[in-house]
Amino acid sequence: MNNFGEKVLQKIKKECICPKPRWQFLLKDYFVWLVFLISLFLGSIAFCVMLHVLFTNDWDLYQYLHTSFAGHILVSIPYLWLVFLALFVSIAYYNFKYTKSGYRHETYFIVGLSIVGSLFLGTFLHTLGAGEKVENFVAESVPEYEKLTCCSARKDIWVQPTHGLLAGEIVNIVDERNFELKDFFGSAWHVQESDDTLEYEPLLIQPGESVKIIGEKQMDFVFWAREIRPWGNKGDVHKAKVRFESE
């Protein structure tokens, strides 16, 4: 032991090894904790957007598409945000594991803590409406976003006039029962409403607004509307009302 101790002392003197100050260890630990918390927050954002996409999805459309409900679910899953959630949970796990006390905990505890933390905070953010704001921001900032998510597939699903589905931007109001619409692929349509046409709140029938319509194709580029929904939100089925019903 004495020889070993002397060798250690000689090596310290020879290589001029100095002990690191305590603040450096604390700074490293704080940095690891910071990255863990940031990863947890980003994971919650990903889950928040997932909730927004799932809650605003039109789950009743499968009956118009002649497909199964299971098939519609597979098309509607926000895979990109699911990957982000898994990525940030993994980063959070890695960083928590290397905190000062992280090594004491089992892997399943750390993974469970990361997942539960992201889900809980993500659900809270969803109740504040953060999911829609984040998705809109990303969609405006990243041109390729729609191609990487179900948004592109969603437009493909909704612009199927022969199946009674049409969606796009209102370009002109002809009168209280007729308006012109340009679908998401550039075709111009004349949309006709009736006394029984249902609208879902919140919905604005005015130029510049994007809507999705369930109805029937009458002839070339003429579409009769049975239901009109806002594009960004499925709309509350309990708030559906007849278009021209007197208040």
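A residue is called buried when its relative accessible area is under 20% and exposed when that area is over 50%. The model described here is predicted, and the account begins with helix H7, residues 130-141. On the other side of H7 from its buried residues, Lys133, Phe137 and Glu140 are exposed, whereas Ala130, Gly131, Glu135 and Val138 are buried. Seen down the helix axis, these buried residues fall within an arc of 125°, so they line one face of H7.

| Strand pair | Sense | Bridges | Residues standing opposite |
|---|---|---|---|
| S1 and S5 | antiparallel | five bridges | Leu165 and Ile214 |
| S1 and S2 | antiparallel | six bridges | Ile170 and Leu181 |

S1 and S2 also form a hairpin, with two residues between them.

The largest nonpolar core has 12 residues, among them Leu166, Ile170, Leu181, Trp189, Val191 and Ile213. Strands S1, S2, S3, S5 and S6 are the elements that each give two or more residues to this core, and the largest share, three residues, comes from S6. Leaving aside neighbours within four places in sequence, Val191 is in contact with residues including Leu166, Phe179, Leu181, Ile213, Phe223 and Ala225, as well as with Arg177 and Asn178. Apart from this core lies another, of 10 residues, which includes Ala46, Leu85, Val89 and Val138; Val138 is also one of the buried residues of H7.

Terms used: Residues are numbered from 1 along each chain as its sequence is written. This is a predicted model: local features need pLDDT of at least 70, side-chain atom pairs count only at pLDDT 80 or more; totals for chains, interfaces and linings use all residues. Side-chain values use heavy atoms; hydrogens and water are left out. Helices (H or I, at least four residues) and strands (E, at least two) are DSSP runs, numbered from the N terminus. The expected span of a helix is 1.5 Å times one less than its number of residues. Buried means under 20% relative accessible area, exposed over 50%, partly exposed in between (1.4 Å probe, protein chains only). The arc is that of the directions from the helix axis to the C-beta atoms. A nonpolar core is a set of buried Ala, Val, Leu, Ile, Met, Phe, Trp, Tyr and Cys residues joined through side-chain atoms within 4.5 Å. Contact means heavy atoms within 4.5 Å. Two strands pair if DSSP finds at least two bridges between them.
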